[in-house]
Structures are given as C-alpha cells and as structure tokens.
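Dear colleague,

Please find the structure below, with the sequence alongside. A summary of the findings follows.

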Amino acid sequence: MDYQSTRDASRRVSPAQAVLRGLAPDGGLFVAEPPRLALEPLAGLDAVSLAGALLGALLPGFAEMDKLTRSAYAGKFETPGLTPLVPAGGRYVLELFHGPTSAFKDIALSVLPRLITAARDALGVTEELLILTATSGDTGKAALAGFCDVPGTKIIVFYPENGVSAVQKAQMVTQAGENVRVCAVRGNFDDAQSAVKAVFAAGLPEGCGVRLSSANSINIGRLVPQTAYYFKAYFDLVRLGRIALGDPVDFSVPTGNFGDILAGFLAKRMGLPVGTLICASNRNSVLTDFLRTGIYDRNRPFYRTLSPSMDILVSSNLERLLWFMTRDEAWVASCMRALRETGRFTVPPALLGRIQADFSCASCDDAQTLETIGTVWREHGYLLDTHTAAAWHAAAQCSRPTVVLATASPFKFPEAVLAALGERAEGFGAMERLSALTGLPIPRGLAGLQTLPVLHRDVIDCKDMLNYVTGRVRQWQK
Ligand SMILES: *Cc1c(COP(=O)(O)O)cnc(C)c1O
C-alpha cells in the first residue's frame, strides 16, 4: 500500500515516508485507498489492540505496530478503555478527552511521535526532526506532551495570540522540556497555519542538520489512530445490544480542520457500517455552507467563538475528501489553486450529491452552544464542552442510533460552560466552581495549572516565522 499526493498520482511514497514528510512536496496531502476489513475479528478486541490492528492495516511496513501502540498509550489515559461510550439523552457520547491534555487530539498525538521516530529510523535518516505545529488551542498542548523529551526531536508550537482559551494558553506556556518552544502569533489560526505551511515550502537552510515534519492533521499519521475510536464505539453499541453487527450508526463530529470526521470516513471505507457523518460547525460555518451548496468560500468574516478549536476557515483535510470522491488529482489541484488565489472553489452538483450521501451538517452559534450545554445538563445530567455541544446540537437531525464525539473536557472551557449553567467565575476559579457545582472531578492535567511557572513569552508576526524558526535552530545547535 503506497501513499500518493492528492494533487499528483505519480508522487508515490511508502507509509513511513508519508508520516515522516507530513506534507507532499507539491503541497498536496498524502492519501491511499484503505483496505476493507472483516468486522468480526476486530469486534472482540480491547481499545489498544484495536488501535494497533488498524494502525497496522493503514500503515503497513512499520515494524511491531502492536508493540508501538501499546507503549504509546501505556499509563497516559485516565480510562482503561481509552475512549468510553456514555449513554445520555437517548444518544451515546464518545468521550475522547481522557488523555494527558483533556482533548481528543491526545489519541493521535500519543502515537504520532513514535510513528515519526520509527519512520526516521526505518528510512535511515540521521538528521534531527523539527516538528512545526500551528494550533487552534488543543493540538499545541497535545503535541507538546507527545514530543516532550522524545530523543532526536524538537518541537515549536505557534498559537494565535488572542485565539485560544485561558486554560489552553496556560497549558502551553507552562510546558517544560529541553526540546520544546511555544510562540504566540499576531493573527488568527488560519494566519498561523498558512505561515507554517510557508515555512515548509521555503525549507530550512541546506546543511543545517534538521529536517522539518508536521504534527498537524495534514500528517496522515494523525488521522490513522483516530479511526480506532469509530470502530470501538460501534463495537461497544453491539456489545450493549443496542445494534446488531452490520446496522448503520450515525456519528456527529465537532469539526474544524476536517481531520476527525475524515477518520470516520476512512472507517466507513474500511467497511465499518457508518451511516451519516454529521459535520458540526460553529458560527464559522464555511464547511456547513460548502456541504449545503457545493461552494467553498473563505471570503467571509472570521469569528472568535466559545469553541475556539473550530474557529477555522481553511479546512485542510477537505482536500483529502475531494480526492477520495473524484480520484482526479488535476481537478483537486485546480480547486486548491483557486482556493489559494481567489479564496473559493465550487464542486459540480453530481459530486455534491455524492458527498451529501455520506455527510450532513449543521452550524451552531454561541447562544445555541450555551443553551445546549444548559439543557443537556438539566435534562440528562451530562456536561458537554462547547465543541461537543455543537455536535449534540447537530445530531438533532438523526434518526438512527447516534454517537456524538466529545472532543474536549468541559473543564478546558470552564467560564463558558459555567455561564451555560447560569453562573459566573473567572479563570481558574471557574474550574473549581464548575467542579463544585457538578460534582465532576477536575482532570489530572488541568488541576494545579495556575501554579506552574510561565516558560514561554515569545510573540511574533506571521511574516517573521521563518526567521524565528531558523534562529531557534541555531540556538539549539549551540
Ligand atoms: C481540534 C478540535 C476539533 C476539530 O477537529 P478537526 O479534526 O480539526 O476537525 C474539535 N473540537 C476540539 C475540542 C478540538 O480540539
């Protein structure tokens, strides 16, 4: 199984090369048609074994994938099953936030550093790896936690100066570790993400002894571990007697960069009976509008919302979906060129129809987000975070058994969640108040955050990113 660029079928690479490079040299994303798997042999596996089996199937050629997966997750999650499925209000909430940083990104970013270093060793690359990551809040901390003190790697995380929650910022700027750096960028997430892509395109000076790689969901190694929890949730529903093996299940997914939901699409192509994938957006409804009209148009205001990890107008992984749906690299490349040059592209009606057969969508503004959190708490005793609330809201249209993906702990956004319950408190006081009010414990990684020293204070303009990166590399090498 080779991977290729979404923009050029002749650029084929091994799974290890795809993981190590992150982005194809032509700016496209690495893709491959996944194998179809028999469900029965997978249905009895525990969460970690299931993850190992799926990683092995989607990234063949890595040595000892089962062992790699086991050591990646060992001792990191507060729940033995990694991703528990919790019934609430006639639906099922798939809790993906029990890892070290309380966001679903821990599931992929616990594994990615091991995949990248295994790929480097297998390919005989001797240079150090520098991971560059733009974050809308959660990827940054999860990547820092994953790469901290991993030998032979350095990581720099860029976050939008005013675009993340107070807790998210505190998680990042207190990160210790010899090989980590965190820097704020003046601008929003899209600005930070384009600046990082530009650094990749420009490259580092020849002979600097460092090779760039990415921990964003443009890296296929981020998406693959995420397929596991779709399978796990499905098999849990079978085990609960809620469905029979083969019955379709809908999944509602809080969406930003389209990575999480694309993992669900991959699971469907591997043979998991996924019904509709519901793409939930916040007020930045660029994806919802696209899925309704076939017009992707980023020429619109960028709103800062209560669900900052979904404040995105350029949704990178949509490019992968376009490829899966058309297998037409030249056409995908032309869409991406149009997006770059004019900020928009359009898909023909027949293609839109095929996309709509797999995906539906809904957007949710801040008022609806708060109302959803309040209602679900009062009526069902379940506490949603602001992102998961958007997915709960979008799931209103489902008729089949429905799994709502819970992508963050409510304690990551305590002020907003507390406001939804009709109370007010600032900063870390809000976390404690929320815990007292609901009787739910503050997650391990968030408790005590306010007492840690701030270690990172850099702030830069996007245009200075390449200089910043080369400066850091020089300092590290002294
Ligand atoms: C990153 C993130 C999302 C969006 O996921 P994508 O894979 O980028 O679509 C949703 N919710 C939370 C809490 C996140 O951190």
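The space that the ligand takes up is the largest cavity; a cavity is a set of points, on a 1 Å grid over the protein atoms alone, where a 1.4 Å probe fits but cannot get out. The model is predicted: local features need pLDDT of at least 70, side-chain atom pairs count only at pLDDT 80 or more, and totals for chains, interfaces and linings use all residues. Residues are numbered from 1 along each chain as its sequence is written, and side-chain values use heavy atoms, with hydrogens and water left out.

Around the ligand there are 15 residues, of which Lys105, Asp138, Gly256, Asn257 and Thr407 come nearest (near: a heavy atom within 4 Å). By class, this shell comprises 5 nonpolar, 7 polar and 3 charged residues, with Gly counted as polar.

The protein covers 98% of the 380 Å² of accessible area that the ligand has on its own (Shrake-Rupley method, 1.4 Å probe).

Phe258 also belongs to an aromatic cluster with Phe265, Trp323, Phe324 and Phe359. The structure holds 13 aromatic pairs (ring centres within 6.5 Å; planes under 30 degrees apart are stacked, over 60 edge-to-face, the rest tilted). The rings of Tyr73 and Phe77 have centres 5.7 Å apart and planes at 75°, so this pair is edge-to-face. Tyr73 is buried at 5% relative accessible area, and Phe77 is buried at 10% (buried: under 20%, 1.4 Å probe, protein chains only).

Technical notes:
On a 1 Å grid over the protein atoms alone, a cavity is a set of points where a 1.4 Å probe fits but cannot get out, and a pocket is an open set with protein on both sides within 12 Å along at least five of seven lines; lining residues have an atom within 4 Å of a point. A molecule sits in a cavity or pocket if more than half of its atoms lie within 2 Å of its grid points. Rings of Phe, Tyr and Trp (its six-membered ring) pair if their centres lie within 6.5 Å; planes under 30 degrees apart count as stacked, over 60 as edge-to-face and the rest as tilted. Buried means under 20% relative accessible area, exposed over 50%, partly exposed in between (1.4 Å probe, protein chains only).
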